[in-house]
Amino acid sequence: MLQPIHQPTPHSRTRELESRMIPTEQYLVLSAALFVIGAAGVLIRRNAIFMLMSIELMLNAVNLAFVAFARNWGDLAGQAFVLFVMTVAAAEVAVGLALMVVLFRVKNTLDTDHTDLLRW
Amino acid sequence: MDNSIAWIPVLPLIGFAVNILFGVRLKAASAWIAVAAMAGAFALSVGAFSAVVGGEGPITTKLFSWMVAGRLSVDMGFLVDECSAIMLMVVTFVGSLIHVYSIGYMHGDPRYSRFFAYLNLFAAMMLILVLGDNYLVMFMGWEGVGLCSYLLIGFWFEKPFEGATTREAARKAFVVNRIGDFGFLIAILLVWTTVGTLNFQAVMSQSEAMTGVATAVTLLLLLGATGKSAQIPLFVWLPDAMAGPTPVSALIHAATMVTAGVYMIARNAFLFDIAPISASAVVWIGAGTAFFAATIGLIQNDIKKVLAYSTISQLGYMFIAVGAGAYAFGLFHLVTHAFFKALLFLGAGAVIHALHDEQDITKMGGLRKKLPVVYWTFVIGAAALSGIPFTAGFFSKDGILAMTFASGNYGPWALGVLGAGMTAFYTWRLVFLTFHGEPRSEMAKSGDLHVPGLVMTIPLMILAAGSILTGYVELPFHMSTWFSHLIGESAPLRTGLEHPSASVETILMAISIAMVATGVVLAWKKYGAPSSEAIEATVSKQPAGISKVLWDKWYVDEVYNAAVVRPVVWSAQKCWRIFDDWVIHNGLVVFGGGLLWKSVGFFLSFWQTGKTGSYAFALVVGTAFLVWLVL
C-alpha cells in the first residue's frame, strides 16, 4: 500500500538496514491506536485533567504519524510540523492547567458534568 | 431692471430672517424692519408696474435653475406681466399699510417680533406666488402662504376659540387647504406629462396640445382654487381663520392670500377658455358661494365672522367673473375688495382693540362718537362693500354682474344680484349695531376705551381713500376701460364675450342699485332707527326657523363632521386598532415574528447542553463525518 520512495542505493548494507527497519505501517497502526485511545478518553472520562491528558495523547498520536510519514517519504517537513505541534501542545497545557486550577477553585470539582453554567 | 424684480420677494424674506433670528433682541425695532422690507418691496413693485404699464411688455428674470431631473427642468424664474403687476401693487401696498397698522395693534404682545417675522414671511411667499413664472414656483408660494396662514391663525395658540383653541382653527385651515392643494398638484403633474414644461408662457404657446386634458386640468385647478379662496365646498376654514389676530384676517384672509385662487384662474385663462365645462363650474361655484355665504352673514353676531362670510361671498363674485371669461373684472373686484375689505377688517380690529377684545356686536353700539375716525372709515368701507354708487365696490361688482349677464349666465347673475342685496343688509346691520344707538355693554359705556393712535388710523384713512378711488380705473358705459385693457394684454376677455349695450347696462345697474337700496333700508329699519330696547330685544332673541339654520351656518360643519371628519377619524382609529395593534403588533410581524424565532431558539437550545462531553462527542462525530466525506 505505501510505496517508499527511497533513492535506490547500491550499498547492500543500506538495503540490509532497510530490511531490518520497522515498517511504516506498524507506526501508523500504533498511532491510530493511540489516537483512538485518546479520543475515547476525551469522550468517556469526566475528569477535566484526564480529558486534557487524553487530548495530549491524541496530539502525540498525530506526532507519531507525522514522523513516520516523514521517514517514509524522506521529507523533513513532517518533523518540522511535529516541533510546531509540540510547541502548541505545551502552550495548550499551560493554559489548560491554569483553567483547571481556576475551575477547581470555583466549583471545587473537576467533573465536567458539573461545569454547565452556559447552558440555556 | 431685470434682477430688481427678484428683490421684491427677497426683501421681505430678509426681513423674516432678521426678525426670526434676532427678533427677541430687536424688540420694537423688529416692526420697523418688517415695515421697511415691505416698503422696499412696494417701491420696487411700483417700478415694475410702471414699466409694464408703460408698454415695455412682460418682464422675466431667471434667478437660477431650481431642479433638473431627467426631462424635468424647473427654473426659479419670475414673470411680471399685467396680471402679476396689478397683484404686486395690491399685495405690497395693502401689505405695507397692514404692517404699519400692526405696530399699534400688536403693541405689547409677548411674541411681537415673531408676528412681524411671520407677516414678512407671508408677504415673501405671496410675492413668490404672484411672481412665479411657472407652475411649480407658484405652487411653492401657494404652499408657503398656506403655512403662514396656519402659523398666524394659531398665533395666539394658548387662547380659547369657540369651545376649542386657536390651534384647532389653524389645523382646520391647514388640512382643508391640503385637499385643494392636492388638486393643484395633480393638475401640475398633468400639465407636465402633457406638454413637458411648466413655464406659463411655454404652456400657453402649446395650449392646442392641452385640448384633451384641459377640462381635467382646469377642474383640478378649480379644486385648488376653492381651497385657497374659500369657495364651496372648501370654504369652511375661513370663518375659523378669524381666530388669528385681526391684521392677519385683514391681510391674509381678506385682501391677499384668499384671492390667490382668483389670480391662479386668471393666470390659466388660456386653459379655462378651452374648457367650457370647467368655466361654467367656476361660475356656478362662485355664484353659489356668493349667495350662500351672504345668507349666513345676515345673522352672525361676531364682527369678524360677518366680515369673514362677506369675504367668502365677495370671492364668489370674483369666481363668477373669471368663470364667465371676464378676467379683468375678476381682478378689478379683487383690487377694490382688497382695499375695502382690508379697511373693514382693520376698522373692526380697531373696534375690538378699543373694547378690550370684545367681538360680539350685540355688546357694542354707540361707538360713533367715541371712535369717529374708525366710524367714518368703516362707513366708507361698508359703502364700498355693499355697492353704494360711486364707491369702488359699486363699479367692480356692477361690472361683474353686467359681464355675467352678457355671457348668458342668467342664473348666476340672479344669485349675484340677490347676494348683493343681502350684502347690503348685513354690512349696514354691522355698521348700525356697532356704531349707532346706545352702548349695550359696560365696556362700550365706559370711557376706558383703547382709542387707536395715528399708527392705526392713518392706514385706515389711506385704505378708505383707496376704497373709493380704485373704482375709477374702470367705469361703466365705456367711460373708462383702462383696467380691462391692461389686463386684456395677458388675460383677454373670452372670445364671444362683449360688453353689454348701454341700455342693458342701465337696466342691470338699476336692478342692482334697487337691491342694494332695499338691503340698506331694511337694515336701517331693523337696526338703525329703533330704540335701543327694541334692538336689544331683536339681537337677544333666540333664532328660530330659517334664521336658526342660518345661525348654525346651514349645518355645513356638522355635515362635514359627520360625512368626512368622523369617518376618517373612525377609519384611522380602526386601522390603528386592527392593522397596527393586531396585525403588526400582536399578530404577524412583531408577535408572530418574535414567536417564530423564540420557538426556533427554544428547540435549538437543546443542542447547548453545557456538558463538555457532549461537545467533545459532537466534535469527534463531526470530524469523523468530514474525514469520511473527504476520503
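Helix axes are lines fitted to C-alpha atoms, over the stretch in contact, and the angles between N-to-C directions run from 0 to 180 degrees. Helix H14 (residues 303–324) and helix H17, both of chain B, pack with their axes 9 Å apart at an angle of about 40 degrees. The structure is a predicted model, in which local features need pLDDT of at least 70 and side-chain atom pairs count only at pLDDT 80 or more, whereas totals for chains, interfaces and linings use all residues; side-chain values use heavy atoms, with hydrogens and water left out. Residues are numbered from 1 along each chain as its sequence is written, and chains are lettered from A and ligands numbered from 1 in the order in which they are written.

The angle makes H14(B) oblique to H17(B), given that angles under 35 degrees count as roughly parallel, over 145 as roughly antiparallel, 65 to 115 as roughly perpendicular and the rest as oblique. Helices here are DSSP runs (H or I, at least four residues), numbered from the N terminus. The crossing of H14(B) and H17(B) is left-handed, that is, the near helix is turned anticlockwise from the far one by less than a right angle. In their contact (heavy atoms within 4.5 Å), H14(B) contributes B:Gln314, B:Tyr317, B:Met318, B:Ile320 and B:Ala321, and H17(B) contributes B:Lys397, B:Ile400, B:Leu401 and B:Thr404. These residues divide into six nonpolar, two polar and one charged; Ala, Val, Leu, Ile, Met, Phe, Trp, Tyr, Cys and Pro count as nonpolar, Asp, Glu, Lys and Arg as charged, and the others, Gly among them, as polar.

A search of the whole structure finds three cavities of 30 Å³ or more. A cavity is a set of points, on a 1 Å grid over the protein atoms alone, where a 1.4 Å probe fits but cannot get out, and its lining residues have an atom within 4 Å of a point. The largest cavity has a volume of about 190 Å³, a volume being the space filled by probe spheres set on the points. Of its 20 lining residues, B:Asp398, B:Gly399, B:Ala402, B:Pro476 and B:Glu505 are the closest to its centre. Helices H15 (327–354), H17 (392–406) and H22 (502–528) of chain B are the elements that each give two or more residues to this lining, and the largest share, six residues, comes from H17(B). By class, the lining has 13 nonpolar, four polar and three charged residues.

The second largest cavity has a volume of about 40 Å³. Its lining consists of B:Ser386, B:Gly387, B:Phe394, B:Lys397, B:Asp398, B:Leu401, B:Ala420, B:Ser512 and B:Val516. H17 and H22 of chain B are the elements that supply two or more of these residues, and H17(B) gives the most, with four. Four of the lining residues are nonpolar, three polar and two charged.

Two backbone features lie in loops of chain B. B:Phe390, in the loop between helix H16 (372–386) and H17, has a positive phi, near 70 degrees, although it is not glycine. A cis peptide bond, with omega about 5 degrees, joins B:Ile232 and B:Pro233; B:Pro233 is placed in the loop between helix H8 (214–228) and helix H9 (237–240). Most residues other than glycine have a negative phi, and most peptide bonds are trans.

Helix H4 (residues 112–131) of chain B packs against two other helices described here. Its axis and that of helix H1 (residues 7–26) of chain B come within 8 Å and cross at roughly 160 degrees; H1(B) and H4(B) are therefore roughly antiparallel. Their crossing is left-handed. Among the contact residues are B:Phe16 and B:Ile20 of H1(B) and B:Phe116 and B:Leu127 of H4(B). The contact has 16 nonpolar, five polar and one charged residues.

The axes of helix H3 (residues 82–105) of chain B and H4(B) come within 10 Å and cross at roughly 175 degrees, which makes H3(B) roughly antiparallel to H4(B). This contact includes B:Met87, B:Val91 and B:His99 of H3(B), together with B:Phe116 and B:Leu127 of H4(B). Its residues divide into 12 nonpolar, five polar and no charged.

Note on methods:
On a 1 Å grid over the protein atoms alone, a cavity is a set of points where a 1.4 Å probe fits but cannot get out, and a pocket is an open set with protein on both sides within 12 Å along at least five of seven lines; lining residues have an atom within 4 Å of a point.
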